Amino acid sequence: MPIYDSSSESDNEITPRGKLFGRQRPMHAILGGGKVADVLLWRNPKVSAALLTGVTTIWFLFEVVEYNFVTLLCHISITAMLAIFIWCISADYFGWKRPTIPQLLSDQAAFSEVVYFFHWRFNQFLQKLLHIAGGNDPVNFFLVIISLYVLSVIGSCFDFVNLLFIGLVSMETLPYLYTRYEDEVDYHAGQMTRRGSKVYKRFLNKIPRGTVKEKKHS
């Protein structure tokens with residue numbers, strides 16, 4: 001259990017214990033509250049581990065082995081067809097059960113939920129971005145500008161496949177780590193937000209303001 005020392009603050013103010021980004025709902029509800037949220041929060045460890053392993057394998061084949069997309073797709077299809085063929089022949093010979101399409105792949109509702117989740121999150125992102133860009137949240141405005149600049153610098157150092165891989169891995173690991181260390185992250189985020197607000201207010205106070213002359217009534 002972390003111990004927070006309030007004496008380290010020069011003004012002895014208490015750091016607000018609000019949630020990160022002012023959220024009021026649990027992380028599972030923010031992520032959609034369905035199968036996608038269960039995967040991202042590792043409530044279904046087998047599926048989450050399989051997804052992370054698959055993404056890492058694809059990145060390894062593209063970046064390390066330097067496979068071409070068409071070549072990789074053809075080789076995967078050939079390997080899958082040979083494996084299914086051998087499995088079916090062995091099943092008929094030994095009396096085993098023939099292979100079937102996994103329920104997760106054949107379930108139309110699962111794919112619809114994934115598409116809905118990303119569409120919903122994209123709309124939420126646009127609404128939040130427009131809200132911040134309109135000057136309604138000055139602290140987050142500067143944080144977003146700095147974050148986008150840092151992201152642009154990072155993007156110039158990686159190609160698209162590496163950047164996509166980092167994004168997918170972050171999407172599957174950061175929500176889980178946040179829910180596990182939620183109190184610590186919220187505490188330090190509250191400190192940073194309060195200090196950012198102080199810097200912003202000091203910046204505004206340093207801006208010279210002209211005196212407003214009263215109109216003379218005749």
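**Notes on the predicted model**

1. Let me begin with the third annotated stretch. Over residues 141–169 the chain is 93% helix and 0% strand, with 26 Å between the end C-alpha atoms. Please keep in mind that this is a predicted model.

2. That stretch comes from the record: UniProt, in an unreviewed entry, gives "transmembrane region" for residues 47–65, 72–96 and 141–169. Such annotations may be inferred rather than shown by experiment. Residues 47–65 are 95% helix and 0% strand in the model, and their end C-alpha atoms lie 25 Å apart.

3. A nonpolar patch on the surface deserves a look. Its members include Ile146, Leu148, Tyr149, Phe158, Leu163 and Ile166, and the patch as a whole has about 870 Å² of accessible area. Helix 7 (138–157) and helix 8 (160–180) are the elements that give it two or more residues. The top contributor is helix 7, with 7 residues.

4. Why does Ile166 count as partly exposed? This residue of the patch sits in helix 8. Its relative accessibility is 35%, and partly exposed covers the range between the 20% limit for buried and the 50% limit for exposed.

5. On the cysteines: Cys74 is partly exposed, at 41% relative accessible area, whereas Cys88 is buried, at 13%. Both sit on their side of the cut-off because buried means under 20%. As for disulfides, the count is 0, with the sulfur atoms of a pair required to be within 2.5 Å.

Technical notes. Residues numbered from 1 in each chain as written. Predicted model: local features only at pLDDT ≥ 70, side-chain atom pairs only at ≥ 80, totals over all residues. Heavy atoms only, no water. Buried < 20%, exposed > 50% of the residue type's maximum accessible area, 1.4 Å probe, protein only. Helix = DSSP H or I, 4+ residues; strand = E, 2+ residues; numbered from the N terminus. Patch = residues over 30% accessible without salt bridge, like charges linked within 9 Å, V, L, I, M, F, W, Y side chains within 5 Å. Areas by Shrake-Rupley, 256 points an atom, 1.4 Å probe, with all protein chains shown as cover. Salt bridge = Lys/Arg side-chain N within 4 Å of Asp/Glu carboxyl O.
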